[in-house]
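These are my notebook entries on one structure. I set down what I looked up, topic by topic.

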Amino acid sequence: MDIITKIRSKFPDNIIKVTELREKTQLMEIKKADFPQILDYAHNSLGGHFMTMTGTDYIESLDHFIIDYILGWYEEGVLVVFRARIRKGDENFPSATPYVPCADWYEREVKESLGLSPIGHPNPRKLLLSDEWPEDIYPLRKNYKHDARPPYKAEARYPFEAPENGKMFNIIPFGPYHFAIHEPIYFRFLTNGERIVNTDLRAGFNYRGLEKIAETRLTYETIPFMAERVCGICGSVHAEAYTQALEKAANFEAPERAKWIRTVMLEIERIHSHLLWLGVASHMVGFDSGLMQFWRVRDKDMFLAELLTGNRKLYGMIVPGGVRRDIRDDKKEKALKLVSEIHEEYEELLKATLNLGTLKKRLKDVGCLRKEDAKKYSVMGPVARASGISIDSRRDYPYEAYPHLDFESPVESEGDVLARTIVRAHDVLQSIKIIEQALESLPDGPVHTPLDYIPPGVTSVGLVEGPRGTDVHYIITGKEDTVYRWRVRAPTYANLQATPLMLEGYTLADASIIIGSIDPCISCAERVLVVDANSGKERILSSKDLLKR
Amino acid sequence: MNFPVLAINILLAILMAPIFDGLRRKITARLQNRIGPPITQTWYDILKLLRKEIILPENGGFLVLVFPVLTLILSLTMFASISTITVQSPMERGGIIFIELAVLSAFVLAIAGSTSRNPYGMVGGSREVILATLVEPSIIVSLTALILLKGSTTFDDISRSYSAGIPLLIAVVAYLLSLLAESGKIPFDLAEAESELSGGPLIEFSGPPLAFLKLGQSVRNLALYSIPKFFMIAFIPLGLTEQHHSITVVILYFASLFLCTIVISLAESLNARYRLSEASKFYVMVLVLSSIALILSVLTKGTS
């Protein structure tokens, strides 16, 4: 293996063991002290894309924790899991964030949820838990009950970055629920006039504890149902990513027909998501006709979904072992007709809107993300493709019916909001092409065969190209018909970390469209934890606080 | 002061202003393939807001109550200077009063936004001031061209003479373009910019104060929509005499209101919101246009 060999030759003494999990997926066991330098080399010199990072509690059975950093090389289609053990009583590890800035959030999350502190982390503030959550209670440890309620800790306040002394800046709060982005996230801009000088970010308002519930209360069969509800827009993507990881762990291949139907569902969802975004983006720059027209076409896509699944959204189609419903031939004909209608109306609309002068002016040269920065922050999906990084897991990590289909992945090089818009706009046309091909050449056969045996203790990663980028689900299988560890990494989690970079130097007028341009899906990025009415999340920022700021 | 005419004007303003705002919303909706709200919707909004409680922001105090009332009074006073469905106007030298009030009321909202010390309100207020300083000159200059060509600042006289010409044509175009920003709708709703500034200067207003502000703004817009009538009269030889009151004046007045509503709806549904820098470029062009109208009218006046 090329990449493994390179790392081996660079660090001959630091690698404990390399095992092949499955084809093109390697597990490299190293010492925790070597994390920063090996990751620095793999990410910055070898160009590995940061996929996800997670910690798992093995205290009860093996007396240690493990930490996994997962890097992917899209061109080669390779995944490498870097794993180190952390002994009980020595619950820390050297932080890789100073070298690999995109590890920032992941390490903070591991610190909060498992109590493993990243030493040398430049920004060790809270990420997902509420400010009132006690410091010494770690909800993802196995000895923490899913329905436990932590003692209430009064009067905590998130430490926002203070402006440098002696400089005059305005502090402009953007959120926690700003109605331009319709998502619970709090940006805090330091502005000079209307120009944004610095951005601070507080996330975590939507942390629901799904992973803990999955690990304690759900079975393999019921998790896709929950996974679909991680996000309202890319539900099937999460169900597919989980199912893919599980089927890989069980060495199981779904029936051909099921694979093709899954592909159709994923693409219908992509069209829906992109049309939704194009509408919202139009509204953000004050082009309300665009909002109405794109959503008119989007409604047709929802009819299409209803025709095939019975649901306008949250299709509930993808389950381990196949799909829940078959596509009958008469429905196939109707669906093809609807798709061609969508195609026709969408092309007409795109021609009319993308040539609109005022709209173009608002999108061009705004929120630029240079290719180097995009690489450094390992951004995903359309954001990466708009900055000239050609990554698409449909093509690079082929799954389901994608290897048999003919499609392109649009790439732009400017890296501004206009480029992101064009990438998404062209993506829709490709999705239409994929659906047409897939429906026309749907193979015969069953749509579901049950998975019989899932071996315990298997690490497995599912990668799915969602509308916003690569969705990474990491699972470790467990003994009693449920996962031991399930880690969801939605693409927004990666993209959001790069937004302060995109915002810097632009004006307040462009802030909402820049934040909007990554198509943020906050509930996706923050799945997980314990729903607790007592912890008083709303106290993070009461209306009183907002008035003071 | 001609009090019967004034009473007609004020009544008309208060009743019709929200209706024409509703009409604008309806036309915009139809242009966007929507059914849209009924044209009485703005009235429903105002009546609903009036029934709500008054909440004073922490830093704004009683000023939150002062500005909406001030806006409404200033807007209604604009109606005291112009002739609407009558030939007679309520007062002499109305042209000057109208220009002054148009400029003054534009700044009132900007100041209202800044009093609450809400950061969005302040940014919105500063945008409003910048926009007003860019747009008001065009309004002043194009109206001055009209006054100059008619040789009188009283709207009665302006209504009576017929004097079509190229300078007046340029002036009316400049006026309609300035109206886009004056009405505070997309593409020039920079100050309120819902998705950027969450309402800007309006952010701290709610309930009855907001109702008064909305009513005041729509009355102000209606007053501005009334002006193209005088341009139209200039182009149509009606031969209106001293005591003459014809149905043509009523038709022309409403034609003027509909024209402005349609122009604003079209601009609203065919554009994205301008940035401040682009808006200023646009209005520098409009100012140049209106200045040309003024210079040409000075020249024609001088030679005739």
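**Conventions.** I worked from a predicted model, in which local features need pLDDT of at least 70 and side-chain atom pairs count only at pLDDT 80 or more, while totals for chains, interfaces and linings use all residues. Residues are numbered from 1 along each chain as its sequence is written, and chains are lettered from A and ligands numbered from 1 in the order in which they are written.

**Confidence.** I first looked up pLDDT, the predictor's confidence in each residue, from 0 to 100. Chain A has an average of 84, and 93% of the residues score at least 70. Within chain A, helix α15 (residues 417-440) is highest at 92, and helix α20 (residues 543-548) is lowest with a mean of 42. Helices (H or I, at least four residues) and strands (E, at least two) are DSSP runs, numbered from the N terminus. For residues 528-549 of chain A the pLDDT is below 50, yet this stretch has 41 contacts in the model beyond near neighbours in sequence. A contact here requires C-beta atoms, placed from the backbone, within 7 Å. Where pLDDT is low, the predicted coordinates should not be read in detail.

Strands β1 (residues 15-22) and β2 (residues 25-30) of chain A run antiparallel and are joined by 6 bridges. Thr19(A) has Leu27(A) in β2(A) as its bridge partner. The hairpin of β1(A) and β2(A) has 2 residues between the strands, and in this hairpin Lys24(A) takes a positive phi near 65 degrees. β2(A) also pairs with strand β5 (residues 78-87) of chain A, in the parallel sense and over 5 bridges. There, Gln26(A) has Val80(A) in β5(A) as its bridge partner.

**Strand β15(A).** How many residues of strand β15 (residues 459-466) of chain A are buried? I found 8 of its 8 residues buried, a residue being buried if 20 or more other C-beta atoms lie within 10 Å of its own, exposed if 12 or fewer and partly exposed in between, with C-beta atoms placed from the backbone. In a regular strand the side chains alternate between the two faces of the sheet. In β15(A), Thr459(A), Val461(A), Leu463(A) and Glu465(A) point one way, and Ser460(A), Gly462(A), Val464(A) and Gly466(A) the other way. β15(A) runs antiparallel to strand β16 (residues 469-477) of chain A, with 8 bridges joining them. Leu463(A) stands opposite Val472(A) of β16(A), and 2 residues lie between the two strands of this hairpin.

**Helix α5(A).** Why is helix α5 (residues 210-217) of chain A largely enclosed by the rest of the structure? I noted that 6 of its 8 residues are buried, Ile213(A) and Glu215(A) among them. The buried residues of α5(A) pack against α6 (223-228) and β17 (483-489) of chain A. Ile213(A) counts as buried because it has 20 C-beta neighbours inside 10 Å. Leaving out residues up to four places away in sequence, Ile213(A) touches His146(A), Leu218(A) and Met226(A).

**Core and chain contact.** The largest nonpolar core has 250 residues; such a core is a set of buried Ala, Val, Leu, Ile, Met, Phe, Trp, Tyr and Cys residues joined through C-beta atoms within 7 Å. Ile70(A) and Leu131(B) are among the residues with the most contacts inside it. Lastly, I recorded that the contact takes 25 residues from chain A and 23 residues from chain B. On the side of chain A that touches chain B, α9(A) gives the most, with 5 residues.

Methods. Two residues are in contact if their C-beta atoms, placed from the backbone, lie within 7 Å. Two strands pair if DSSP finds at least two bridges between them.
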